[in-house]
Amino acid sequence: MSKTQHPVELLRFNTCGSVDDGKSTLIGRLLYDSKSIMEDQMEALERSADITGGGQVNLANLTDGLRAEREQGITIDVAYRFVATPRRKFIVADTPGHVEYTRNMVTGASTANLSIVLVDARNGVIEQTRRHSYVSALLGIPHIIFAVNKMDLVDWSEARFREIREGIESFLPKLDLFKDVKFVPISALEGDNVVTFSDKTPWYEGPTLLGHLESVHIASDWNLNGFRFPVQWVNRPNNPTDKSLHDFRGLSGQIAGGIVKVGQEILALPSGQKSYVKEIWTYDGSIEEAFCPQSVTIRLEDDLDISRGDCLVALEPLPGHDSDLSARICWMNARPLTSGKKYHLKHGAQLIQAMVSKIESKIDIETYEPELTPQELNMNDIGEIRLRTSKPIAYDGYTTNRLTGSFVLVEQGTNATVAAGMLHSPAQHYKPEYMDFSI
Amino acid sequence: MGNYQLDHLAYLETEAIHVLREVAAEFERPAILFSGGKDSICILRLAEKAFRPSEIPLPFLNVETGHEFPELIKFRDQRAEELGAKLIVRTVDDAFEKGLATPTPGQVSRNQLQIPVLLGAIEEFQFDCCIGGARRDEEKARAKERFFSFRDAFGQWDPKNQRPEIWNLYNARLNPGENMRVFPLSNWTEMDVWEYIKKEELEVPSIYFSHERECFRRADQWLPVPPPHDSRDKADPYEGARPSENEQRQKMICRVRTIADMISTGMIESPAESIEDIIAEVAAARVTERGSRADDKASEAAMEDRKKAGYF
């Protein structure tokens, strides 16, 4: 990379709000005001405005890409958009707000660093606001912005803004902690406080929405504490590009946590064998150390029996290692979850069998109160479950590591992805001294 | 690097490498769709990064309409050879002969006809997964696309009923006859692609750079004048795609920004002679990349409709 260019950071955020809160309008506004929308897109908007919109250009049509969405004026599925400013690049997941589409919000939020929750200034805090805040917290999104939209329709009232802010602040302590929380009064339709400051809010000190997106500290959002390396693919060339590599045996994968260095002692799970890192191989040459989320190929000093799905971990801190797990899940399928049913479970790079042994509670995500031992979990329900897997997995609590603490359940037969799961922190960590096979 | 932080290109790269390795590990017979265009050029470099020092464990597949730019075909074949990869080419003309497809009366473009050819190749080689270079920033139906995009036994995409895709946990499970399309560049933009080509010093076909070419004006675009037809035995494949008497012809200094085939690719006037020039041009562009693609202009939902039918 050229030395003259400063590195550009990437921030992923999602937007959520209920129907008509103006999510798509806000993204349209960000695209438009940051000049990320092009003339032909504008022409297409104007064309459809002339035909269907009574001449009013609808910024929501920029993101609502499917025919049914334009017909019904709603957002059905997660739409991804891209905005670039000189300071950062943004990947935006526009996630729908209807109750029935919570699963899409979970999808869009799972990879986000930041969530924008839209609140309609006229309606204030509603069930959806509590729901979206809950899902953002559930998915461990570090940063959250409450964008109080349509401020123009409440005459830019500072009192109204404060009232909404206090309403949200009263329930935030019940949720997991966000690293930072911001409240911004905006009008997505008019553009006030989105990219440029509004002269209608002298009582608001800033920042603008985009200003915050450009400056929020995200460098520490990846887990750099506790090396975790789910092995994706065993790299064993039959016909190596470099003949000196004929006995090459590498473990390819993406680092899911921490930092690894050449010479470091590691533990392979589930076997429990130890070895040392001999080489960190990449296409661009060997490197001395690598960190989450880099993709590398690791060679070990010893030829251990390791295959896809196994995990290399640091000796400190050790992960949990268990086949009896407890997790919070979001159910995403029309066929409800009942206990006793078997699923495929994907965690890291492995797909194994799992049985849901118990549904412990269902969480009312508007009151945040649990309902104990429900019969089943329905589409968009969030609940606490216990699982048994066909073999132990190496994992961390989701709040510690979003990559090693997450899993999905896949229905057998239909292969539908039916649940997103977030593991609770292990009660005890793996104890290598009881089964030390090191050479 | 010191501060343990990836810049945006390094992030997009590691994400794509992870996706490619998932494909190699999870599917029985995956293939890479390689056209020789800029996006698939990046895919090949990412495949090298994912699988070296082993051989890239996937064959390359390309579907030709029969209207390709010769520069592109030459580049495609050369690159596949350099990488020691197996290249499979299937053409719309073959499909006509085998009865897999029939020409649409009055329709010059064979864009739609690539669908049965692609599905035929998937059937012939029993591919369970095809990796494509499509990006979400290209077009608004694509903005809704997953990394792992499930296709039913008819090759169809059902946008209203997609599998939720959470974290980096991709569900690659298929039943017999079903198929997956995987898009490692989902989160890349046109600018990211060119910046990556620059960073990796990747070679691209010469038509991306400024050259002199005879073009003609049709439907607000400058289309290349097709090569002359010199066979008496075969019908002119460019019948209907040649300039008529009253269409304006002009020699231009031009290049392509995106490549379909000769019939659907609008040339843009440009002096860009290097990757740096192209990056500057993309940065200053006021129309989208696909603004020069005739195939997307058919209707508001042109891409959505083709994808539902099994398009790339």
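I took strands as DSSP runs of E with at least two residues, and helices as runs of H or I with at least four residues, both numbered from the N terminus, and I counted two strands as paired if DSSP finds at least two bridges between them. The model is predicted, and local features need pLDDT of at least 70, side-chain atom pairs count only at pLDDT 80 or more, while totals for chains, interfaces and linings use all residues. I numbered residues from 1 along each chain as its sequence is written, with chains lettered from A and ligands numbered from 1 in the order in which they are written.

Entry on confidence. I noted that the predictor gives the complex an ipTM of 0.92 and a pTM of 0.93.

In chain A I found an open sheet of 7 strands, in the order β7-β15-β11-β12-β14-β9-β8, with antiparallel pairing. Because β7 (228-230) and β8 (233-235) of chain A each have a single partner strand, they stand at the edges, and one side of each is left without a neighbour in the sheet. Within the sheet I looked at β12 (residues 273-281) and β14 (residues 295-300) of chain A, which run antiparallel and are joined by 4 bridges; A:Val277 has A:Leu300 in β14(A) as its bridge partner.

Entry on the core. I took a nonpolar core as a set of buried Ala, Val, Leu, Ile, Met, Phe, Trp, Tyr and Cys residues joined through C-beta atoms within 7 Å, where buried requires 20 or more other C-beta atoms within 10 Å, exposed 12 or fewer, and partly exposed lies in between, with C-beta atoms placed from the backbone. The largest such core has 192 residues, of which A:Ala147, A:Val148 and A:Ala419 touch the most other members. Helix α1 (residues 8-26) of chain B gives the most to this core, with 9 residues. Taking contact as C-beta atoms, placed from the backbone, within 7 Å, I listed the partners of A:Ala419 beyond four places in sequence, among them A:Ile329, A:Trp331 and A:Val408.

Entry on the interface. I found 66 residues of chain A in contact with 48 residues of chain B.

Entry on B:Leu83. This residue lies in the loop between α3 (70-82) and β3 (87-91) of chain B, and B:Leu83 counts as partly exposed because 18 C-beta neighbours lie inside 10 Å. Not counting residues up to four places away in sequence, B:Leu83 touches B:Leu44 and B:Ile56; B:Ile56 is 27 residues from B:Leu83 in sequence and 8.2 Å away in space, C-alpha to C-alpha.

How values were computed
Two residues are in contact if their C-beta atoms, placed from the backbone, lie within 7 Å.
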